[in-house]
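I set out to look up the salt bridges of this structure. My entries follow in the order in which I made them.

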Amino acid sequence: MDGVAQQMAMPAPAPLAMRPQNLRQAPLGQRQPTSARQSVLWRIGVFVPALLGTGALVYSLHGWLSSAGMTGLEWALLILIGAMVIWAALSVSTVGMALFSRCARPHLAAQQHEQGDALQVALLMPIYEESPWDVLGNAAAMLNDLADLKGRHRYSLFILSDTQTTEIAAQEWRSFQRLSAEQSGQSAIYYRRRTSNKDKKVGNLVDWITGWGADYDAMLVLDADSLMTGRAIEQLSEELAADPQAGLIQSFPMLIEAHSLFARMQQFSNVAYGWLLAEGFALWSRAEGNYWGHNAIIRTRAFAQSAGLPYLGRRQSLILSHDFVEAGLLRRAGWRVRFLPHITGSFEETPHTVIDYVKRDRRWCRGNLQHLRLLGTAGLHPVSRFHLFQGAMSYLLSPAWFFLLVMWALLGKDQDANVVRYFNEANPLFPDWPPAMSHIDSAMFLGIMYLMLLTPKIAGAVLIAVRPSAVRVFGGHLAFLSAFTVEVMLSVAYAPMLMIQQTKAVARALVSRSEPWTPQQRRYRVYPLAVLVRFHWLETLLGALLCAGMVSGLVSLWLLPIGLSLVFAVPLSAVSAVRIGPGTPRGLRLDSPHTLRTPPIMQQAKAAREKLRAHLLIAE
């Protein structure tokens, strides 16, 4: 085939206009979706307890600090603690609302929709330098499952490539040809490769919308590692068809393909506790939900008319974490943005090691911090603004925690045994901080924070443990309790490392203009020791300083878990890549329903991947 044919195998053009939105002026004639009174009640039930609990804790801390008068530094510390506590408290109250909903569910009327017209749905799979057989193997499994389901909606698959490497592009084309031949007479399959990946994923999707979007009522956006059952895809389509006010409906992807210890830790957490936070979030977000960029169905014309992204500032910067912003713009135009965590069969993969996780997180950090510039966007719903702010705060909390850790380390065990007093005696130029600062009961505060952070995990674990049918799918009580214990211990061990890495990511975002757009590392790999040392030298150094302070008696032993985590950052990072297999002791496997019983759609995807890979190897 010639170069043009290798880049495009698409249907007849069906252009749909999509213009960048004006962020300084709200659109005229906004649609206003019907909003239930329940939305306000759920939000009161989540935010008021969180605010009251935070206020009570901050008031108590103020009493300790103000015994000798408040200084500017103490006020800063108090504000910092309050900012950190409120986010943990919101997680606790979100879980509380989910638990309340489960208890009250028989008394709550479920919203009913009439069946809408059948939809023409485009399954969009944007890819960039990915393994072609993995991506199209997943696509084959989804198409086959849809064909077996025989639903009433009609689907077409679009492989939208931004790949720039000639060799990978050639593999994509051969994989597409093979898949197209196998699917002949079933679903329509198309392929397009852009020679210039302008504006990255956003530009890739806009290119499809403006070129072919008019022929499709909806687009279901997938990632390269997305996998969805035919039933999940059909349910999303039914929900969109039945709700004419819905512009976007987001599913709750579960994690699969976790082959390392770090990935298993994330997978177990996602399956065992994530659903509870997801249910609580769905309850209070209602029609003002959020978008995670994939495994979501979107009304094509609504998106084209209201979610076009402009460039920012004089430098014409691209909006990086586009999904949150697109959800906010859809809601600004009056479309409902819904989150349905109860739709099962939506899957994605997760990084296998700490290093891979951090590399992906750096890109997300830059994009989420950019949201602070968009908080003033005209016409946004207050909940949409909160989503943007929350995304930024999820990264800014790490520098806040780091600053608090430094304060604790300097204040030491008491007024007479701390780093500040030690250096004051040797160097009178050092400031003499107020003695009241050393009276903060760090053990109590740490205990409260750990309890709040672990509450979603404990609540989810208890709900599973008390239900025989639920605990059975985790392999029984002993296996579940072992996995829960290991996951909590690993979470506590890795948290300080990730705190330092996120603090570095925030610093990088503030001092550099861009982050390299590299393909996500999806395959399992083990990093050599030299790479681990270069990557984690800062954590190791900080951990060594912290532990040295404890040995000398200047730093409180309550910080020992944090110090050990940091000083052992390199071996902990190496352990994160340990492969989990049948020979791994049962208590360390962190088994969950999807590891004990591979979902059928995953089995189909694996078979399709191997088939495509073998075909490519023979062709080469």
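The model is predicted, so local features need pLDDT of at least 70 and side-chain atom pairs count only at pLDDT 80 or more, while totals for chains, interfaces and linings use all residues. Residues are numbered from 1 along each chain as its sequence is written, and side-chain values use heavy atoms, with hydrogens and water left out.

I then looked up the salt bridges (a side-chain nitrogen of Lys or Arg within 4 Å of a carboxyl oxygen of Asp or Glu). The structure holds 20 of them.

I turned to glutamate 257 and arginine 609, whose side chains form a salt bridge at 3.1 Å, N to O. Glutamate 257 sits in the loop between β8 (254-256) and α8 (261-285) and arginine 609 in helix α21 (residues 600-619), so the pair ties together parts 352 residues apart in sequence. Helices (H or I, at least four residues) and strands (E, at least two) are DSSP runs, numbered from the N terminus. I found both glutamate 257 and arginine 609 to be buried.

Next I examined aspartate 591, which forms a salt bridge with arginine 264, the closest N and O atoms being 3.6 Å apart. This pair links distant parts of the chain, 327 residues apart: aspartate 591 lies in the loop between α19 (569-576) and α20 (593-596), and arginine 264 in helix α8. Aspartate 591 and arginine 264 are buried.

Aspartate 591 also meets arginine 589 in a salt bridge of 3.0 Å, N to O. Arginine 589 is buried.

Finally, I noted one network, in which salt bridges that share partners join Asp134, Glu257, Glu349, Arg523, Lys606 and Arg609.

Methods:
Buried < 20%, exposed > 50% of the residue type's maximum accessible area, 1.4 Å probe, protein only.
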